[in-house]
Amino acid sequence: MTADITPIHDVALPNNRKGLPIVSLDEAHAPTKVLAHEDALRKFVEGQEIQPIHMRIGIMGACNMRCNFCNFHSPNEENFYDLFSFKDLIPTAKAIKLMGEFAGTGGRAVTFCGSGECTIHPGYTAICRNAHEFGLRVGLITNGSRLHTEDLATCVAETHTWVRIGMNAGTEATFNMITRDREQTFSRFVSSPARLRAQARDPEFRVGFNFVITQQNYREIREAAELAKESGVHYIRFEPEFYSALGHETVESVMSEVTDALTEVATLATPDFEVSVPKLDRGPMDVTDNVEGDFEHCHYSRFVTAVGADGHLYPCPQVHLNSRYRIGNVLEEGYQQVLEGGPRAEWEASNPRRTDLCKSCFYRPQNELLEWLHRGQISLDDALASYRVEIPRTLHADFV
């Protein structure tokens with residue numbers, strides 16, 4: 001690192017307050033990946049239009065589990081996700097058409113996530129195979145219940161760049177209590193990831209576990225990390241339970257125990273196994289006067305877009321299925337027509353500042369970095385130079 005280049009990670013990474021563990025994110029979820037896209041960044045800084053690189057999409061509202069921390073089934077979120085319906089489903093043909101439209105506008109990657117479980121969609125493998133044929137890289141956030149099935153496992157191995165599985169417990173009893181699973185999913189966690197890893201075709205393929213920390217499972221953080229390491233996944237990623245009106249308040253009373261457990265499991269990390277320690281003290285998104293982050297607009301939505309199972313475009317997956325953020329129906333009007341035509345422009349013209357809508361932000365590091373670049377507070381050339389030195393090769397760059 002040369003003396004005249006400021007390390008970009010000094011300003012871009014999330015931090016916890018004093019007394020909580022040091023945030024340590026796995027490489028696949030680094031928030032500075034936008035710096036791998038120099039051409040798009042230069043257009044952004046110059047005020048030119050850019051097309052989203054990454055789409056996050058939920059293709060159905062239904063799920064075969066009922067996790068007790070799920071935002072979409074929680075009484076804590078009844079007012080926020082006012083458009084959620086478990087009956088929502090994007091038909092296979094329309095989803096495939098959307099993948100082609102997205103790729104045609106310069107889209108490079110798609111993550112299947114959303115309010116439901118995408119792998120139970122009857123057309124999931126066809127949608128993914130077509131997305132792959134269109135040149136899109138494919139990621140999946142899943143509860144893992146169907147990864148043992150032959151068709152899905154083969155599709156994932158042949159077309160996906162990464163898979164993140166909801167582990168959410170260290171024992172089968174707690175997992176079943178939390179998720180109400182009836183498909184013996186937990187018992188397959190030791191074998192399914194290793195099989196996918198062995199058969200995957202993408203040289204950058206990664207599979208990992210995600211653990212949502214709640215009052216019911218925080219005592220099993222160590223057991224989960226040990227099981228994850230034994231299973232052969234690339235990482236385990238922890239995150240505290242979050243509700244838009246509460247933030248991480250539900251686990252605040254056990255935060256000291258959570259801190260101790262995360263500090264302990266961080267020592268399990270090796271060059272081949274990452275332990276992702278999260279930001280533990282994010283505030284609520286709404287129903288609060290406290291605004292977190294030094295940015296006024298959601299610049300990140302210029303690089304990443306979201307589509308709900310209702311077929312509508314949203315600026316962010318964290319706020320999809322909320323009527324305040326609904327932009328336009330990409331299934332009826334067309335993706336490019338919504339993105340470049342009237343619907344998005346009209347929504348942005350009427351939309352209040354981000355500080356009036358999202359008081360906290362899951363993508364605060366990305367948005368702050370983009371805001372500072374846009375203001376000229378950070379030199380783009382210096383930021384790019386620093387990033388090239390620190391990150392010579394970006395893992396999963398298209399999943400911004």
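Which residues of strand 2 sit on one side and which on the other, and are they buried or exposed? Ala109 and Thr111 are on one side, Val110 and Phe112 on the other, and all of them are buried, where buried means under 20% relative accessible area, exposed over 50% and partly exposed in between (1.4 Å probe, protein chains only). So both faces of strand 2 (residues 109-112) are covered. In a regular strand the side chains alternate between the two faces of the sheet.

A quick word on the model: it is predicted, so local features need pLDDT of at least 70 and side-chain atom pairs count only at pLDDT 80 or more, while totals for chains, interfaces and linings use all residues. Residues are numbered from 1 along each chain as its sequence is written, and side-chain values use heavy atoms, with hydrogens and water left out.

**Around strand 2**

Strand 2 has partners in strand 1 (residues 54-57) and strand 3 (residues 137-142). Strands here are DSSP runs (E, at least two residues), as are helices (H or I, at least four), numbered from the N terminus; two strands pair if DSSP finds at least two bridges between them.

| Pair | Bridges and sense | Residues facing each other |
|---|---|---|
| Strand 1 and strand 2 | 4 bridges, parallel | Methionine 55 and valine 110 |
| Strand 2 and strand 3 | 4 bridges, parallel | Phenylalanine 112 and leucine 140 |

To get from strand 2 to strand 3, the chain goes through helix 4 (residues 124-133), in a right-handed β-α-β crossover. Right-handed means that, with the strands pointing away from the viewer, the path from the first strand over the helix to the second runs clockwise.

The largest pocket comes in at about 560 Å³. Of its 32 lining residues, the closest to the centre are His297, Cys298, His299, Ser301 and Glu348. Helix 12 (342-350), helix 13 (354-357) and helix 14 (364-375) each give two or more residues to that lining.

For the terms: on a 1 Å grid over the protein atoms alone, a cavity is a set of points where a 1.4 Å probe fits but cannot get out; a pocket is an open set with protein on both sides within 12 Å along at least five of seven lines; lining residues have an atom within 4 Å of a point. Points are joined across faces, edges and corners, and a volume is the space filled by probe spheres set on them.

The second largest cavity is about 50 Å³. Helix 12 gives the most to its lining, with 3 residues, and residues lining this cavity include Ser301, Trp347 and Glu348.
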